[in-house]
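User: I've got a fold open on my screen and I'd like to talk through how its pieces pack. Could you walk me through it?

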Amino acid sequence: MKLPRDQLVVLLNALYDLDERTITVKHPATQIGELLRIDLGDPDASTVTVTTGAMTYESLIDDIRREYGDDVYNELPNEAAYVKALVASGLADIRNRDEIDTTIKRYGYQDLHEGHPPRYAGFDTNLLPWRMHDVLGIDPELHGTDGEPKPVNGYILAEGVDAELKHSHRYGKSAMPASELTAILGSEFERLDGQPNQDSREMRLGLREYRRLRETRPHDVVASDTGDAGIIAGCKEYYAEEPAGVILFSNDYGFVDRAREQKVPAVHVEFDLDVPKTITATWDEIALLLYELAVLFGVIILPKATLYGAWDGKDEHDWQAERIDVDCRSDELSSILHRDRPSVQTYNRL
């Protein structure tokens with residue numbers, strides 16, 4: 001069954017109904033195994049235990065690299081992406097929260113009714129996969145008080161960022177065949193043949209966020225080249241002629257330094273090296289994390305279901321709709337999902 005990201009809570013509901021209250025999330029590879037454990041309780045306050053932290057995960061994939069080589073190692077998300085997926089889902093925070101908040105207070109919250117110029121936020125390519133509009137607390141529709149100035153008024157979307165996000169490699173074409181991974185990482189990887197490889201799936205997350213902002217938020221699309229210099233120059237040149245301001249965010253110190261040298265406000269977004277072992281999370285946050293992990297790893301295993309973030313036959317419509325393929329290993333689970341899914345679809349349309 002294909003389920004879009006915003007309907008994944010129905011899977012948690014179904015597992016709960018089947019008395020699967022402790023949900024293990026595993027990678028198919030025996031060398032990696034269990035990543036985390038979810039204790040389903042209060043929908044607003046359940047417990048997630050990170051059984052394989054980022055530092056341990058780094059050690060595991062380093063062992064895979066030594067045994068099987070760089071080609072296999074490169075088909076696994078690195079430890080930084082593992083941490084960023086937890087941040088993107090709302091289960092962990094960025095490291096320099098105070099600095100970000102101070103910067104937003106300095107440059108944002110423009111009072112348009114008083115004639116202040118709007119302030120737009122721009123994200124470097126390396127931040128787009130991680131839902132920064134929400135994580136940083138700046139989105140004009142999600143954050144701020146009604147009737148009061150918003151943290152930012154919209155987004156600047158550089159064409160150079162779009163081009164970098166669209167760069168893609170696929171298993172069996174410009175990357176190693178997925179079939180070669182099955183003996184090492186698990187038979188589940190057979191279904192990824194012809195699909196974007198690991199790095200490209202991460203970029204797919206970013207491309208969807210880029211398009212989400214373009215489709216649903218106030219924005220300016222700005223002509224620019226790729227690369228730090230091209231993206232920054234495009235933003236600077238565009239707003240030199242506009243009654244508006246910009247603030248740029250990046251996970252790259254070089255990008256931030258280059259922007260500041262050109263008098264463009266910019267701030268570095270820092271991530272911790274690891275995450276807390278025990279985290280309190282909502283079911284919505286847990287569902288988002290499952291989506292993020294399924295796409296990053298390609299496939300993850302839960303009790304009674306295997307979640308594919310990419311599979312043979314996944315097309316552009318599936319990527320756009322943020323669908324994953326839920327392969328039910330239980331007839332009972334499949335029946336509940338088919339029963340409850342229409343109710344979730346109706347609720348999401350309201």
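This is a predicted model: local features need pLDDT of at least 70, side-chain atom pairs count only at pLDDT 80 or more; totals for chains, interfaces and linings use all residues.

User: How many bridges join strand 12 to strand 13?

Analyst: Strand 13 covers residues 323-328, and strands 12 and 13 run antiparallel. Alanine 305 and cysteine 328 are bridge partners here. The count of bridges joining the two strands is 4.

User: And on the strand 11 side, which residue in strand 12 is the bridge partner of leucine 302?

Analyst: Strand 11 (residues 299-302) pairs with strand 12 in the antiparallel sense over 4 bridges. The hairpin of these strands has 2 residues between them, and lysine 304 takes a positive phi near 70 degrees there. For leucine 302, the partner in strand 12 is alanine 305.

User: Are the faces of strand 12 covered or open?

Analyst: Ala305 and Leu307 sit on one side of strand 12, residues 305-308, with Thr306 and Tyr308 on the other. Buried means under 20% relative accessible area, and these four residues are all buried. So both faces are covered.

User: Moving to strand 8, how many of its residues are buried?

Analyst: Gly245, Ile247 and Phe249 point one way from the strand, while Val246, Leu248 and Ser250 point the other way, and all are buried. Strand 8 is therefore largely enclosed by the rest of the structure, the buried count being 6 of 6.

User: In what sense does strand 8 pair with strand 9?

Analyst: On one pairing, strand 5 joins strand 8 in the parallel sense over 5 bridges, with tyrosine 120 opposite valine 246. On another, leucine 248 has alanine 266 of strand 9 as its bridge partner. Strand 8 and strand 9 (residues 266-268) have 3 bridges, and the sense is parallel.

User: What should helix 10 span, given its residues?

Analyst: Helix 10 runs over residues 227-240, which makes 14 residues at 1.5 Å a residue.

User: Which helices do the buried residues of helix 10 pack against?

Analyst: The buried residues are Gly230, Ile231, Ile232, Gly234, Cys235 and Tyr239. They pack against strands 5, 6, 7 and 8. The helices they pack against are helix 7 (159-166) and helix 11 (253-261).

User: At what angle do helix 7 and helix 9 pack?

Analyst: Helix 7 passes helix 9 in a left-handed crossing. Residues of helix 7 including Glu159, Asp162 and Lys166 meet residues of helix 9, among them Tyr210, Arg211 and Arg214. By class, that contact has 5 nonpolar, 1 polar and 6 charged residues. The axes are 8 Å apart, and the angle is about 145 degrees.

User: Is glutamate 159 buried, partly exposed or exposed?

Analyst: Glutamate 159 lies in helix 7. Leaving aside neighbours within four places in sequence, its contacts are Tyr210, Val221, Val222, Ala223 and Ser224. With a relative accessible area of 41%, glutamate 159 is partly exposed.

User: What about lysine 150: buried or exposed?

Analyst: Lysine 150 is in the loop between helix 6 (132-135) and strand 6. Not counting residues up to four places away in sequence, lysine 150 touches Gly108, Tyr109, Gln110, Pro140, His143, Gly144 and Thr145. The cut-off for buried is under 20%, so at 19% relative accessibility lysine 150 counts as buried.

Note on methods. Residues are numbered from 1 along each chain as its sequence is written. Side-chain values use heavy atoms; hydrogens and water are left out. The expected span of a helix is 1.5 Å times one less than its number of residues. Buried means under 20% relative accessible area, exposed over 50%, partly exposed in between (1.4 Å probe, protein chains only). Contact means heavy atoms within 4.5 Å. Axes are lines fitted to C-alpha atoms, for helices over the stretch in contact, and angles run from 0 to 180 degrees between N-to-C directions. A crossing is left-handed if the near helix is turned anticlockwise from the far one by less than a right angle, and right-handed if clockwise. Ala, Val, Leu, Ile, Met, Phe, Trp, Tyr, Cys and Pro count as nonpolar, Asp, Glu, Lys and Arg as charged, and the others, Gly among them, as polar. Two strands pair if DSSP finds at least two bridges between them.
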